[in-house]
Amino acid sequence: DDLLEIEETNRERVRLLLDRYGILFRELLTHEADEFRWSSVFRSLRLMELSGEVQSGYFFEDIPGPQFVSSAALTAITSSREDVFWLSAVDPISLCGCGLDLDLPRRVNSNYLVYQGGEVVLRIEQNGKKLFVANDVSAEQFSNYLGVFHHLLNRSWSPVKQIALETINDESIRQSQYLECFEAEFDVVRDHRSVYLQRKA
């Protein structure tokens, strides 16, 4: 391939990455294939910035180095959306295990993150045994963050029969102010140590 064809191929890779993530920075591409990693696409990102196809700046704190966004992503970033969503720690867009100094769980299948807007409001570790709730979350707000538990218990492929909860913010689930939220949404079974969530009959 000549240099122009190589550059156009790299730009197409950048467009694919921007469609997936909206924003690109070095640590985010750690788990990508070699052709999609930072060292392979950075030059094309700079050229696309000069042509106005992408913009660079400092959009998120705690991320060192340049960040590049598409126009659609910039609109989303600058809007004040407070949507609640969750994702697995091993999801391609997860920042777990990317080497950033963020308070995130390990990048393993048993961990999940719940976001409201751009903030992590609930960390779920060890398939639910350990929960960490943001300090300013009320019990009423917490009820909005239980979608991941509904998904795990009710998904069409390999649903979980029950989820064992042991601690919230390193304290026993049995004494937590959030226990009533679980009781309102799920069938709850207790033993001396854990609380087990099951689908409502």
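1. S176 counts as buried, because its relative accessibility is 17% and the cut-off for buried is under 20%. The structure is a predicted model, so this value is computed from predicted coordinates.

2. Where does S176 lie? It sits in a loop, with β10 (171-172) on one side and α6 (179-185) on the other. The side chain of S176 places a polar atom 3.0 Å from the backbone nitrogen of Y178.

3. β10 also belongs to an open sheet of 6 strands. The order is β4-β5-β6-β7-β9-β10, and the pairing is mixed. Its edge strands are β4 (84-88) and β10, each of which pairs on one side only.

4. The partner of β10 is β9 (residues 167-168). These two strands run antiparallel and share 2 bridges. In one of the pairings, T167 has S172 of β10 as its bridge partner.

5. Turn now to the helices. α1 (residues 3-21) packs on α2 (residues 38-50) at an angle of about 90°. The two axes are 9 Å apart. The angle falls within 65 to 115 degrees, so α1 is roughly perpendicular to α2.

6. Which residues make this helix contact? From α1 come E7, N10, R11, V14, R15 and L17. From α2 come S40, V41, R43, S44, L45, L47 and M48. By class, the contact residues of α1 with α2 comprise 6 nonpolar, 3 polar and 4 charged.

How values were computed
Residues numbered from 1 in each chain as written. Predicted model: local features only at pLDDT ≥ 70, side-chain atom pairs only at ≥ 80, totals over all residues. Heavy atoms only, no water. Helix = DSSP H or I, 4+ residues; strand = E, 2+ residues; numbered from the N terminus. Buried < 20%, exposed > 50% of the residue type's maximum accessible area, 1.4 Å probe, protein only. Polar contact = N/O pair within 3.5 Å; in protein donor to acceptor, adjacent residues only side chain to side chain. Pairing = 2+ DSSP bridges. Axes fitted to C-alpha atoms, helices over the stretch in contact; angles between N-to-C directions. Parallel < 35°, antiparallel > 145°, perpendicular 65-115°, else oblique. Contact = heavy atoms within 4.5 Å. Nonpolar A, V, L, I, M, F, W, Y, C, P; charged D, E, K, R; others polar.
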